[in-house]
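Open the structure and keep the sequence beside it. We will walk through it one piece at a time.

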Amino acid sequence: METLFRYNWAVREDWYRWCEDLSEEELLQNRTGGMGSILHTFFHIVDVEWSWIRLLQGKTDFQESFDNYKSLNKIRKLDKDFHLEVENFVNNWNASMENNLFYDTLPDGSVVTDTWGEVMRHAIAHEIHHIGQLSIWARELGRKPVSANLIGRCLSS
C-alpha cells in the first residue's frame with residue numbers, strides 16, 4: 001500500500017515540475033476529460049486523496065471550491081498542507097486495518113459498506129486514472145508526458 005502511495009506522490013511531484021513551463025492560461029484551459037483543466041484535475045486529485053483518508057479516520061471531508069486554488073503554487077501549497085496527515089496515515093497502515101468497515105452514506109440516503117483496504121486502493125487507482133488523463137493532454141500540447149514507470153523510483157521499503 002505504502003509503495004503505491006509513494007509512487008503517486010513522486011509522479012505528482014514530477015507533474016508539478018512539468019507544469020512549471022506552462023502558462024496559467026494553459027493550466028486552466030478547458031480540456032476534454034478529467035476535471036476540465038490541468039489545475040482543476042490536480043485540485044481534484046489532492047482533494048480526493050485527503051478526503052478519503054480523513055473519512056476513514058472519522059474526520060470531516062474537504063469542501064473547498066477550486067475557485068480558491070487557480071494557480072500551480074496554490075495547488076502545491078494545498079497538497080503540502082494535506083500531505084503530512086495523509087502520509088502519517090499511510091505510514092501507520094497495517095494489515096489489521098485492511099478489513100475495517102467504512103460506511104458511506106450516498107446522497108439518496110442508502111449506505112454502502114466498503115473495507116478500508118478497498119477505499120485505500122480506490123484512492124491509489126483514482127490518482128493513476130487522472131495521471132493518465134494528464135499524459136493525454138501533454139501529448140495534445142506536443143510535449144512528452146511524465147514517466148509513469150514505477151520501476152527505478154526506489155520506492156520499496
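Strand β1 (residues 101-105) and strand β2 (residues 111-115) pair in the antiparallel sense, over five bridges. Two strands pair when DSSP finds at least two bridges between them. Helices (H or I, at least four residues) and strands (E, at least two) are DSSP runs, numbered from the N terminus. Tyr 103 has Thr 113 in β2 as its bridge partner. Five residues lie between the strands of this hairpin, and in it Gly 109 takes a positive phi near 95 degrees.

A word on what you are viewing: this is a predicted model, in which local features need pLDDT of at least 70 and side-chain atom pairs count only at pLDDT 80 or more, while totals for chains, interfaces and linings use all residues. Residues are numbered from 1 along each chain as its sequence is written, and side-chain values use heavy atoms, with hydrogens and water left out.

Stay with β2 and find Thr 115. Is Thr 115 buried or exposed? Thr 115 is buried, with a relative accessible area of 16%. Buried means under 20% relative accessible area, exposed over 50%, and partly exposed in between (1.4 Å probe, protein chains only). Thr 115 touches Glu 98, Asn 99, Asn 100 and Leu 101, leaving aside residues up to four places away in sequence. Contact here means heavy atoms within 4.5 Å.

Next comes helix α5, residues 116-140. Its 25 residues reach 37 Å from first C-alpha to last, close to the 36 Å expected at 1.5 Å a residue. The expected span is 1.5 Å times one less than the number of residues. Just after α5, Gly 142 takes a positive phi of about 75 degrees. Cys 154 also lies in the segment after α5. Cys 154 has a positive phi of about 55 degrees although it is not a glycine. Cys 154 is exposed, at 75% relative accessible area.

Now look at helix α3, residues 38-56. Its 19 residues span 28 Å between the first and last C-alpha, close to the expected 27 Å. How many of its 19 residues are buried? The count is 17, which leaves α3 mostly covered. Just after α3, Gly 58 takes a positive phi of about 80 degrees.

How do the two helices meet? α3 and α5 pack at an angle of about 175 degrees, with axes 10 Å apart. Axes are lines fitted to C-alpha atoms, for helices over the stretch in contact, and angles run from 0 to 180 degrees between N-to-C directions. The angle therefore makes α3 roughly antiparallel to α5. Angles under 35 degrees count as roughly parallel, over 145 as roughly antiparallel, 65 to 115 as roughly perpendicular and the rest as oblique. By class, this contact has 13 nonpolar, five polar and two charged residues. Ala, Val, Leu, Ile, Met, Phe, Trp, Tyr, Cys and Pro count as nonpolar, Asp, Glu, Lys and Arg as charged, and the others, Gly among them, as polar.

Helix α1 (residues 2-19) and helix α4 (residues 72-91) pack at about 170 degrees, with axes 12 Å apart. They are therefore roughly antiparallel to each other. Their contact has eight nonpolar, two polar and eight charged residues.

Finish at Val 86, in helix α4. Val 86 is buried, with a relative accessible area of 0%. Which residues does Val 86 touch, not counting those up to four places away in sequence? They are Trp 9, Glu 49, Trp 50 and Ile 53.
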